[in-house]
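Please find below a colleague's note on the structure.

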Amino acid sequence: MRIGIVCYPTFGGSGVVATELGLELSKRGHEIHFITYSQPVRLELLSHNVHYHEVTVPEYPLFLYQPYELALSSKLVDMVKLHKIEVLHVHYAIPHAYAAYMAKQMLLEDGINIPIVTTLHGTDITLVGSHPFYKPAVTFSINKSDAVTSVSKSLKEDTLRLFNIKKEIYVVPNFIDLDKYAPKFTDCQRAMMATDDEKIITHISNFREVKQIPDVIKIFYKIQKEIPAKLMMVGEGPEREAAERLCEELGISSKVVFFGNSNEIDKILCFSDLFLLPSLTESFGLSALEAMASGVPVISSNTGGIPEVNVHGVSGYLSEINDVEDMSKNALHILKDEKILALFKRNAKKVSTKFGIHEIVPQYEAIYEETLKRS
Ligand code: GMT
């Protein structure tokens with residue numbers, strides 16, 4: 001199939017999933033066209049069946065807000081016609097599902113009926129999409145999609161609760177290329193980060209409020225009071241500066257490394273002992289899955305789709321949101337005993353195999369085929 005993929009090209013989970021999906025589909029023989037405003041960060045290699053088309057929005061002083069949706073829908077029309085794209089798969093409803101619907105209508109004028117598959121990722125529903133300013137447009141574009149998928153059961157329930165949805169929502173969980181996380185680094189370069197007796201704790205996110213960054217620091221503060229430990233903070237976002245200040249106030253700056261955004265999280269996870277994800281809400285928690293695939297147990301909040309990924313008492317522990325005390329206690333339970341740590345590491349890896357790329361991607365292929373048959 002010739003498939004157009006629309007996504008945010010940044011480090012966020014939805015863009016990562018869309019990119020990994022496109023790359024895997026290309027390996028399975030499909031022709032993939034990424035259509036977005038810059039080359040997706042995980043799209044390192046373009047090949048004969050992986051193409052990238054940039055959406056440019058010319059600046060015009062009249063506009064306070066440059067009309068990205070308009071530029072995107074026009075680009076979609078042009079690319080569908082030029083490359084004979086058969087299906088459009090849009091990741092993150094806002095504004096992608098809306099722009100795709102407009103493109104579909106324009107293409108119908110030329111006798112082309114392109115199916116639209118919309119994948120809901122989380123904040124497009126829970127934090128942004130349900131805002132009254134966006135809700136009618138988001139509801140409309142979900143209902144007008146030819147197929148709708150969500151990355152967890154929890155997100156499906158949230159969508160049905162928050163919007164008046166008339167379409168079936170298929171749950172297609174996020175996935176991971178387990179081969180990428182096979183223990184291929186013989187030298188993990190752990191020694192560069194910590195001494196042998198120190199445990200390495202890691203957090204990876206976009207440092208937004210929803211990630212509860214102060215909780216990450218507070219949990220680590222309690223851990224390092226009991227055992228030698230280092231904290232790796234990976235990612236960039238609005239809460240980073242405050243987090244660095246909090247580390248200073250608590251006198252733990254020398255034990256915390258802020259990496260910024262990284263394309264090499266597998267290398268960082270390779271030397272990590274524990275992953276922290278105390279989010280307020282999380283439709284899936286792709287970073288937790290990436291940690292588990294590297295054999296890193298997860299201490300997380302019990303919210304949204306996280307319990308569908310992190311199995312309590314097996315791959316890690318779940319606690320109530322903001323229960324720093326419980327999360328620290330669970331973290332220390334795992335970290336203090338080498339045998340328990342080894343068991344949780346093995347378990348985390350095992351649980352992650354439920355989400356292997358080769359199991360999940362065919363589910364998307366089946367959805368594309370079904371929408372094509374109907375169009
Ligand atoms: O986590 C974020 O804030 C980024 C956001 C995104 O769309 O890029 O992530 C959402 O989609 C990911 C991929 O499906 C999920 O793993 C994340 O749980 C989800 N984030 C939230 O629901 C907060």
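The numbered points below take these topics in turn.

1. The structure is a predicted model, in which local features need pLDDT of at least 70, side-chain atom pairs count only at pLDDT 80 or more, and totals for chains, interfaces and linings use all residues. Residues are numbered from 1 along each chain as its sequence is written.

2. The chain is divided into domain 1 (2-175 + 356-374) and domain 2 (179-355), with bounds from an automatic or database domain assignment. Their centres, taken over C-alpha atoms, are separated by 30 Å.

3. In domain 1, 20 residues are in contact with 16 residues of domain 2 (C-beta atoms, placed from the backbone, within 7 Å). To the side of domain 1 that touches domain 2, H1 and H6 each supply at least two residues; helices (H or I, at least four residues) and strands (E, at least two) are DSSP runs, numbered from the N terminus.

4. Why does the ligand lie between the two domains? Both domain 1 and domain 2 give residues to the shell around the ligand, so it lies between them. Helix H1 (13-27) gives the most to this shell, with four residues. Of the 21 residues around the ligand, Gly 12, Gly 13, Ser 14, Gly 122 and Leu 286 come nearest (a residue is near if its C-beta atom, placed from the backbone, lies within 6 Å).

5. Helix H6 (residues 153-162) has the buried residues Ser 154, Leu 155, Lys 156, Asp 158 and Thr 159 (buried: 20 or more other C-beta atoms within 10 Å of the residue's own, placed from the backbone). Their cover includes strand E5 (116-120), H4 and helix H11 (306-309).

Technical notes:
Buried ≥ 20, exposed ≤ 12 C-beta atoms within 10 Å, placed from the backbone. Contact = placed C-beta atoms within 7 Å.
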